[in-house]
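Please look over the sequence and structure before reading on.

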Amino acid sequence: MYFDGAVNLSGNGIGAVLVSPDGKHFPIAIKLRFDCTNNVTKYEACVMGLQAAIEMKVRKLEVYGDSALIIYQVKGEWQTKDPKLIPYQKYLMELIKKFEEISFTHLSRDKNQFADALATLAVMAQMEEGQTTQVLQIKARGEPAYCFMAEEEIDGKPWYHDIQVYIKTREYPPGATRSEKGMIRRLALGYFLSGEILYKTSSNGELLRCVDAKEARKILFETHEGNCATHANGHMMAKQIMR
């Protein structure tokens, strides 16, 4: 579990994220509508994270935060005399008893950016007390948005239709000019027809199946969002698609 708090001119917020052993993230962000110091927000965030873990019936927990104050106070290495923090420390110790195993580790702020971002998001969100907003889903993408575009086929025929027809029947599209016929013949040299399926021969001899716009969109979706769920670069993604 990672936790952090944020205090600025826009208000106060806390964030925590629980990460399961299989890598699933469960983020939480809360806007605090009362005056508090930075240390108080850190305690609030830590308490919130532990409460969420208890509700999820977590029995073993590793806690990470960039607040040296909380981490070392929980470990018993530091003591607080701040009357605002004493109740938090006592409550935190009670929550800790509910776990079979729990550890606290201090880390640098640059390694706690997700929790920090959640706390800042809570601060900036315009919300009324009691209102709940689902945290946005965050994804990683290695390609520009236009790379997901599969152009619509205006006439309802796939982009390779003329090549496929020529290989199959040696016929040209109606009204094709002499230069257009010559282009179709040259393009056809790099394609292979097996039944109704057209393949393009790659430079290394591999046969690449030609697909229409509908199937291309399906492949892109499965690669990025579905079965493959990849966020690799273009070359790696192409290799996955060819498999």
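Predicted model: local features only at pLDDT ≥ 70, side-chain atom pairs only at ≥ 80, totals over all residues.

## Contacts and surface

Among contacts in the protein chain with a separation of 6 or more, 62% join residues 24 or more positions apart. The chain has eight helices and eight strands.

The chain has 243 residues, and 33% of them count as buried.

## The largest nonpolar core

The largest nonpolar core holds 28 residues. Met 1, Phe 3, Leu 50, Val 63 and Leu 92 touch the most other members. At least two residues of this core come from each of β2 (11-19), α1 (38-55), β4 (60-65), α2 and α3. The largest share is that of α1, with nine residues.

Take Val 63. Leaving aside residues up to four places away in sequence, Val 63 touches Met 1, Phe 3, Cys 46 and Leu 50, and also Ile 102, Ser 103, Phe 104 and Thr 105.

## Another core

Another core lies apart from the largest one. This other core has nine residues, including Ile 163, Ala 188, Tyr 191 and Cys 210.

## Lys 84

Lys 84 sits in the loop between α2 (68-74) and α3 (86-96). Why does Lys 84 count as exposed? Its relative accessible area is 53%, and exposed means over 50%.

Lys 84 still has contacts away from its sequence neighbors: Lys 84 touches Thr 37 and Val 40, with residues up to four places away not counted. Asn 39 is 45 residues from Lys 84 in sequence. In space, their C-alpha atoms are 9.3 Å apart.

Terms used:
Residues numbered from 1 in each chain as written. Heavy atoms only, no water. Helix = DSSP H or I, 4+ residues; strand = E, 2+ residues; numbered from the N terminus. Buried < 20%, exposed > 50% of the residue type's maximum accessible area, 1.4 Å probe, protein only. Contact = heavy atoms within 4.5 Å. Core = buried A, V, L, I, M, F, W, Y, C linked by side-chain atoms within 4.5 Å.
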